[in-house]
Structure formats: C-alpha cells, structure tokens
Amino acid sequence: MSDYQIVGLVFCAIISIILIMIWKTYRSAESHRYFPRIIRKISKYYLKNVVIPDAVEGSTFIDWLVLTPRGVLIISQKPYQGVIFCSENISHWTQVVDRRSYSFDNPMRQLEVDLVTIKSLIPGVPVKGYVVFDRDSFFPKGKPKTVLTLSEIKQNISILKEGTISEELKEAWEKLRTVLKE
C-alpha cells in the first residue's frame, strides 16, 4: 500500500468519525425540537418550564402542563437515550450508553410531588402525570406504567385529545395559570 493510500484511508476514517459525531449530536437534539410539536398536537392549552411554589421544598419545576379533555396532564421530559434500567421502588435508575453506565434519580418521585402540588392548586380536577423518555430509549427489564417513550406519546395522541375540553376544565386551567403568574 502506498503512502497516498494510507493517507486517504486515514482521511476517510477521520471524516467518518466526524460525521458520526454530528449525526449523534443531531439525533440527541431532535427530541427537543420534536417534543413541542407533539404537545401542540395534544392540545393548544399548554405551559412549558413551569416553576410552582411548593409547601414542602420551596418550589417545583415542571417541564410541561397540558390541558386535555380528561384533565391536566403533567409531562416530565427526560432526554435520556440508550438502555434504561428502572423500577418504581428503587431510588436510582441506570442509563447505559456506549457501554458506559450513568445513574440518575428516580424521576417518578418528583412526578409524585408535582401531581400533589397541581392537585392542591386545582382541587377536584383530574390530574395525571407521565415521565417521557427519548424515543431511542429501551427498557429491557420493563418500565412502570407512568413511564413512556416519545414514540409511545406520539402513538397515543388521538387518545389524549379525544373529546372536547369542558368549560369547567377551562376555568380550572385559567385558575391554575393565574396562580402560576402570581
């Protein structure tokens, strides 16, 4: 093999590595661009990045609040990819990406705090919550029923927006928005 061929192979390898890195960066950012479109398909009534006063810890942060015909929906967006090992009852979950593992707090615990907080602000209104992971997440040991992937949310849009939003729900939504502005 000549020196020119070796240089050509090294150049191709470097370009391939750069293209793979660009593609991975684009894919990880894709869910951040795609998620708002899915929310808008569910309902025109939504709030993003909400900070709510909390009697227990001072305040709580909620990624998405969405008004649906069935009530208020809390969505905690988790942009984690790869293999996720989780269970409702363990305090730390594990993400495995490229043979490396990362530990993170069980997001369902924060979701429970968020549910209690929103229910206290709008009593009598149905409130549900989900933790939503990136569409490139896999759960080989299963996952709790309140954990979904971005693909599963997309598949269930018609169910989430089925029906019409009642006047009572709209009034509760406005009350919630007023409390959040204060």
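Buried here means under 20% relative accessible area, with exposed being over 50% and partly exposed in between, using a 1.4 Å probe and protein chains only.

A quick word on what we are looking at. This is a predicted model, where local features need pLDDT of at least 70 and side-chain atom pairs count only at pLDDT 80 or more, while totals for chains, interfaces and linings use all residues. Residues are numbered from 1 along each chain as its sequence is written, and side-chain values use heavy atoms, with hydrogens and water left out.

So which rings pair up? Rings of Phe, Tyr and Trp (its six-membered ring) pair if their centres lie within 6.5 Å; planes under 30 degrees apart count as stacked, over 60 as edge-to-face and the rest as tilted. By that rule there are eight aromatic pairs. One of them is edge-to-face and joins tryptophan 93 to phenylalanine 104, at 6.2 Å centre to centre with 70° between the planes. The two residues are eleven apart in the chain, with tryptophan 93 in strand S5 and phenylalanine 104 in strand S6. Tryptophan 93 is buried too, with a relative accessible area of 0%.

Another edge-to-face pair is phenylalanine 133 with phenylalanine 139, at 5.4 Å centre to centre and 80° between the planes. Phenylalanine 133 is buried at 1% relative accessibility, and phenylalanine 139 is buried at 14%. Ring pairs tie Tyr80, Trp93, Phe104, Phe133 and Phe139 into a cluster. Phenylalanine 139 also has a charge over its ring: the charged end of lysine 143 sits 5.9 Å from the ring centre. For that label, NZ of Lys or CZ of Arg must be within 6 Å of the ring centre and within 35 degrees of the ring normal.

Now to the strands. Helices (H or I, at least four residues) and strands (E, at least two) are DSSP runs numbered from the N terminus, and two strands pair if DSSP finds at least two bridges between them. What is the order of the open sheet? Its four strands run S6-S5-S4-S8, with mixed pairing. S6 and strand S8 (137-138) are at the edges with a single partner strand each, so one side of each has no neighbour in the sheet.

Let's walk across it. S5 (residues 92-97) and S6 (residues 100-105) are antiparallel and joined by six bridges, with valine 97 opposite arginine 100. Their hairpin has two residues between the strands, and aspartate 98 there takes a positive phi near 50°. Next, S4 (residues 82-85) is antiparallel to S5, through three bridges, and isoleucine 84 faces glutamine 95. This hairpin has six residues between its strands. Finally, S4 and S8 run parallel, with two bridges, and glycine 82 has serine 137 as its bridge partner.

Last stop, the largest pocket, which has a volume of about 260 Å³. A pocket is an open set of points on a 1 Å grid over the protein atoms alone, where a 1.4 Å probe fits, with protein on both sides within 12 Å along at least five of seven lines; lining residues have an atom within 4 Å of a point. Which residues lie nearest its centre? Of the 14 lining residues, they are Arg70, Leu73, Lys128, Tyr130 and Leu160. Strand S3 (71-78), strand S7 (127-133) and helix H4 (157-160) each give two or more residues to that lining.

Terms used: Points joined across faces, edges and corners; volume = space filled by probe spheres on them.
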